[in-house]
Every structure is written in structure tokens, then in C-alpha cells.
Amino acid sequence: QVQLVESGGGLVQAGGSLKLSCVASGSIFRFDAMGWYRQAPGKRRELVARITSGDSTNIADSVKGRFTISRDTAKNTMYLQMNSLKPEDTAVYYCNAAIYTSMAPYRKDDYWGQGTQVTVSS
């Protein structure tokens, strides 16, 4: 019964900034990894940034140097700070959380939020 709720999207001019938040219904300690994905019209959903329970991060090349992922366990919240936004960043951004089983048969369970729209004007 994991629930993830995104917020912080909106309309911004190119070069501007937005900060997205993803609030989980419970402690995020349960998640082995959390991440932000996005999907633009006509394109497949893609990973933007990921953070693991061990605080290892992975940032997509397309946003590296501009986006930062972080989390606050006390608030059960993950963030995506987006700076120097470009029109190609326009997409619906989704919060994801993943749990991996500890023993065989190994399995990944994914949970998704409903998404928040980010629109960057030229």
C-alpha cells in the first residue's frame, strides 16, 4: 500500500529553476532505491536521477550538472532540484521507489506516483 505523491511542477522559462518533491506514505527506509523518471510526448519514459539506500546517486547525462537528487528521511520525502531548465526538460515527472527481495527468487517491486507536469518555455 505504498503511495507516492509528487508536487512542485509548473511552468517556467528556460534557464529557470524548479524543485520537485515526492512524499511517501511511510518511511522511505523501506526503499532500496528511489528515483525520478520523466516522459515527454512521443518519447519513452526515462530515468532522470536515482538515489539508493546507501546514498549512491546516478544522474542522467542529459541533466548532469543541472539537476540534483536528495532525500530527507525524517520527512519521508525525496527531492529533485532542477536548475538551468531547458525546453527539452518538458515532461511529466514521476516519482519511483523500488524494493528488492533479499533472497531468491529475486524480484524488484516498483511503486509510482501520479506525476507532476514540468513545462519549460523557450
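Begin at Asp-109, which is partly exposed, with a relative accessible area of 24%. The model on display is a predicted one. Asp-109 forms a salt bridge with Arg-107, and the closest N and O atoms of the pair are 3.0 Å apart. Select Arg-107 next: this residue is exposed, with a relative accessible area of 54%. Because exposed stands for over 50% relative accessible area and buried for under 20%, Asp-109, at 24%, falls in the class between them.

**Second stop: Lys-108 and Asp-110.** Display the side chains of Asp-110 and Lys-108, which meet in a salt bridge at 3.6 Å, N to O. Both partners are partly exposed: Asp-110 has a relative accessible area of 34%, and Lys-108 has one of 37%. In the structure as a whole there are seven salt bridges. Where salt bridges share partners, Arg-38, Glu-46, Arg-66 and Asp-89 are joined into one network; the tour returns to that network below.

Select Ala-98, a residue of strand 9. Is Ala-98 buried or exposed? Its relative accessible area is 2%, so Ala-98 is buried. Now show its surroundings, leaving aside the neighbours within four places in sequence: Ala-98 is in contact with Phe-31, Asp-32, Ala-33, Lys-108, Asp-109 and Asp-110. For a distance check, pick the C-alpha atoms of Ala-98 and Arg-71: they are separated by 15 Å, and the two residues lie 27 apart along the chain.

Select Arg-38 and Glu-46, which form a salt bridge with the closest N and O atoms 2.8 Å apart. Arg-38 counts as buried, at 7% relative accessibility, whereas Glu-46 counts as partly exposed, at 25%.

Move on to Arg-66, which is placed in the loop between strand 6 (57-59) and strand 7. At 10% relative accessibility, Arg-66 counts as buried, because the limit for that class is under 20%. Which backbone oxygen lies 2.9 Å from a polar atom of the side chain of Arg-66? It is the backbone oxygen of Ser-62. Beyond its neighbours within four places in sequence, Arg-66 is in contact with Gln-81, Met-82, Asn-83, Ser-84, Leu-85, Lys-86 and Asp-89.

- Strand 1 and strand 3 pair in the antiparallel sense over four bridges; Leu-4 has Ala-24, in strand 3, as its bridge partner.
- Strand 3 is joined to strand 8 by six bridges, and the two run antiparallel; the bridge partner of Leu-18 is Met-82 in strand 8.
- Strand 7 and strand 8 are also antiparallel, joined by six bridges; here Ile-69 stands opposite Leu-80 of strand 8.

Five of its seven residues are buried, so strand 3 is largely enclosed by the rest of the structure.

**Last stop: the nonpolar core.** In soluble globular proteins, nonpolar side chains tend to be buried together. In this model, the largest nonpolar core has 30 residues. Which of its members touch the most other members? They are Met-34, Trp-36, Leu-80, Met-82 and Tyr-93. Two or more residues come from each of these elements: strand 3 (18-24), strand 4 (33-39), strand 5 (46-52), strand 7 (67-72), strand 8 (77-82), strand 9 (91-100) and strand 11 (116-121).

End on Tyr-93, and display everything in contact with it apart from neighbours within four places in sequence. The list consists of Glu-6, Leu-20, Trp-36, Tyr-37, Arg-38, Val-48, Phe-67, Leu-80, Met-82, Gly-115, Thr-116 and Val-118.

How values were computed: Residues are numbered from 1 along each chain as its sequence is written. This is a predicted model: local features need pLDDT of at least 70, side-chain atom pairs count only at pLDDT 80 or more; totals for chains, interfaces and linings use all residues. Side-chain values use heavy atoms; hydrogens and water are left out. A nonpolar core is a set of buried Ala, Val, Leu, Ile, Met, Phe, Trp, Tyr and Cys residues joined through side-chain atoms within 4.5 Å. Buried means under 20% relative accessible area, exposed over 50%, partly exposed in between (1.4 Å probe, protein chains only). Contact means heavy atoms within 4.5 Å. A polar contact is a pair of N or O atoms within 3.5 Å; within protein, one must be able to donate a hydrogen and the other to accept it, and residues adjacent in sequence count only if both atoms are side-chain atoms. Two strands pair if DSSP finds at least two bridges between them. A salt bridge is a side-chain nitrogen of Lys or Arg within 4 Å of a carboxyl oxygen of Asp or Glu.
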